[in-house]
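Trainee: Hello! Could you walk me through how to read the features of a structure that is new to me?

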Amino acid sequence: MRFSNPAGAAAGAAGQYVSDLLEVLGTREPFAVLAETPGVLRTAVGRASPAALRRREAPGKWSVAEVLQHLADSDLITGYRIRLMLAQDNPPIPGYDQDAWALRLHYEDSEPSAALAQFEAFRTANLALWTRLTDAELARTGLHSEGGPESVDYLIKLIAAHDLVHFAQITRILGAVER
């Protein structure tokens with residue numbers, strides 16, 4: 001499985017990326033994964049030294065601090081996308097270049113505890129809304145610039161799978177930098 005969806009090839013690679021994500025989620029209940037992630041991250045990050053959270057496992061790879069900031073921004077974006085889909089009929093949903101965000105928003109300077117606090121705040125707000133949605137609201141759609149039509153339910157599954165992928169990445173990074 002590959003979990004890279006580079007911006008330059010996003011439209012062509014989106015199908016495989018999404019398929020890989022959904023395979024990771026498998027039969028797990030998305031809302032359970034979404035609710036567990038903040039605590040799982042807090043525990044993993046709490047065991048690591050501040051230096052380990054900022055160390056990259058290899059050149060060109062993200063540190064745990066950068067992954068945490070990416071998770072916070074991903075929840076911000078997903079929260080916006082879903083709110084847009086709930087408030088408007090089949091709105092356009094723009095893609096975004098996560099590497100440009102990481103570079104231009106200075107993820108390398110992210111404070112791990114602040115990034116985790118942002119993630120927890122966004123996740124709490126998002127779950128408060130998402131867990132109240134009706135079946136009709138979960139079925140509402142938007143038109144993603146890279147993936148075509150997507151429902152709210154589908155996006156919730158994707159963000160849960162995204163959590164699992166990045167938690168595995170954090171575990172791998174910490175294993176590599178703490179050796």
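Predicted model: local features only at pLDDT ≥ 70, side-chain atom pairs only at ≥ 80, totals over all residues.

Trainee: How do I read the packing of helices?

Mentor: Two packed helices are described by the angle between their axes and the distance between the axes. Axes are lines fitted to C-alpha atoms, for helices over the stretch in contact, and angles run from 0 to 180 degrees between N-to-C directions. Helices (H or I, at least four residues) and strands (E, at least two) are DSSP runs, numbered from the N terminus.

Trainee: At what angle do H4 and H6 pack?

Mentor: The angle between H4 and H6 is about 25°, and their axes are 8 Å apart. That makes H4 roughly parallel to H6. Angles under 35 degrees count as roughly parallel, over 145 as roughly antiparallel, 65 to 115 as roughly perpendicular and the rest as oblique. H4 passes H6 in a left-handed crossing; a crossing is left-handed if the near helix is turned anticlockwise from the far one by less than a right angle, and right-handed if clockwise.

Trainee: Which residues of H4 and H6 meet?

Mentor: Contact means heavy atoms within 4.5 Å. Among the residues that meet are Leu68, Leu71 and Ile82 in H4, and Phe119, Phe122 and Leu129 in H6. By class, the contact of H4 with H6 has 15 nonpolar, five polar and three charged residues. Here Ala, Val, Leu, Ile, Met, Phe, Trp, Tyr, Cys and Pro count as nonpolar, Asp, Glu, Lys and Arg as charged, and the others, Gly among them, as polar.

Trainee: How far apart are the axes of H4 and H8?

Mentor: The axes of H4 and H8 are 11 Å apart, and the angle is about 180°. H4 and H8 are therefore roughly antiparallel to each other. The contact includes Val67, Leu71 and Met85 of H4 and Leu155, Ile159 and Ile173 of H8. Its residues divide into 14 nonpolar, six polar and three charged.

Trainee: And what is the angle between H6 and H8?

Mentor: Helix H6 (residues 112-130) and helix H8 (residues 152-177) pack at about 150°, with axes 13 Å apart. That makes H6 roughly antiparallel to H8. Their crossing is left-handed. Phe119, Arg123 and Trp130 in H6 meet Ile156, Ile159 and Asp163 in H8. This contact has four nonpolar, no polar and two charged residues.

Trainee: How should I read a phi angle?

Mentor: Most residues other than glycine have a negative phi, and most peptide bonds are trans. Asn90 has a positive phi of about 45° although it is not a glycine. Asn90 is in the loop between helix H4 (64-87) and strand S1 (92-93). His106 also is not a glycine, and its phi is positive at about 60°. His106 lies in the loop between helix H5 (98-104) and H6.

Trainee: Is Asn90 buried, exposed or partly exposed?

Mentor: Asn90 counts as partly exposed at 43% relative accessibility. Buried means under 20% relative accessible area, exposed over 50%, partly exposed in between (1.4 Å probe, protein chains only). His106 is partly exposed, with a relative accessible area of 44%.

Trainee: How many aromatic pairs does a search of the whole structure find?

Mentor: The search finds two. Rings of Phe, Tyr and Trp (its six-membered ring) pair if their centres lie within 6.5 Å; planes under 30 degrees apart count as stacked, over 60 as edge-to-face and the rest as tilted. Trp62 and Tyr107 form an edge-to-face pair, 6.1 Å centre to centre with 65° between the planes. Trp62 lies in the loop between helix H3 (50-54) and H4 and Tyr107 in the loop between H5 and H6, so the pair ties together parts that are 45 residues apart in sequence. Trp62 counts as buried at 12% relative accessibility, and Tyr107 counts as buried at 1%. Tyr96 and Trp101 form an edge-to-face pair, 5.1 Å centre to centre with 65° between the planes.

Trainee: Which residues does Leu164 touch, not counting residues up to four places away in sequence?

Mentor: Leu164, in helix H8, touches Val24, Leu25, Arg28 and Val33 on that count. Leu164 and Val24 are 140 residues apart in sequence and 7.3 Å apart in space, C-alpha to C-alpha.

Definitions and conventions. Residues numbered from 1 in each chain as written. Heavy atoms only, no water.
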